[in-house]
Amino acid sequence: MLFYPGFYAYVVWDAWYYAKEGANKTTTAIPFVIAGFAGEFGAIFAVKLPVPTLTVELLMIIPMIVGMIIFRKE
């Protein structure tokens with residue numbers, strides 16, 4: 001379980017990065033790294049969350065979508 005969130009964030013960033021021409025590799029990865037770490041911490045503390053699946057999912061998806069919106073012009 002601890003491997004999955006970081007790998008999922010990397011796969012989404014990799015697909016998005018190679019779909020965009022001329023995207024900056026270092027700055028565009030920042031929201032996805034944040035999403036991966038948030039997913040890891042969500043997986044670690046899932047026992048303490050009221051709805052762990054939804055909470056961890058939103059912790060990961062929201063930063064990734066925000067990153068895609070911010071860097072869509074690149």
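This section describes a helix pair, an aromatic cluster and a loop glycine in a predicted model. Residues are numbered from 1 along each chain as its sequence is written, and side-chain values use heavy atoms, without hydrogens and water. Local features need pLDDT of at least 70, side-chain atom pairs count only at pLDDT 80 or more, and totals for chains, interfaces and linings use all residues.

Helices α3 (residues 30–44) and α4 (residues 52–70) have axes that come within 8 Å and cross at roughly 175°. Helices are DSSP runs (H or I, at least four residues), numbered from the N terminus. Axes are lines fitted to C-alpha atoms over the stretch in contact, with angles from 0 to 180 degrees between N-to-C directions. The two helices are therefore roughly antiparallel (over 145 degrees). Contact (heavy atoms within 4.5 Å) involves residues including Phe32 and Ala35 of α3 and Leu59 and Met60 of α4.

The structure holds 5 aromatic pairs. Rings of Phe, Tyr and Trp (its six-membered ring) pair if their centres lie within 6.5 Å; planes under 30 degrees apart count as stacked, over 60 as edge-to-face and the rest as tilted. Tyrosine 10 and tryptophan 13 form a tilted pair, at 6.2 Å and 40°. Both lie in helix α1, 3 residues apart. Tyrosine 10 is partly exposed at 46% relative accessible area, whereas tryptophan 13 is buried at 9%. Buried means under 20%, exposed over 50%, partly exposed in between (1.4 Å probe, protein chains only). Ring pairs link Tyr10, Trp13, Tyr17 and Tyr18 into a cluster.

Glycine 22 lies in the loop between α1 (4–19) and α2 (25–28). Glycine 22 is exposed, at 72%.

Notes: Angles under 35 degrees count as roughly parallel, over 145 as roughly antiparallel, 65 to 115 as roughly perpendicular and the rest as oblique.
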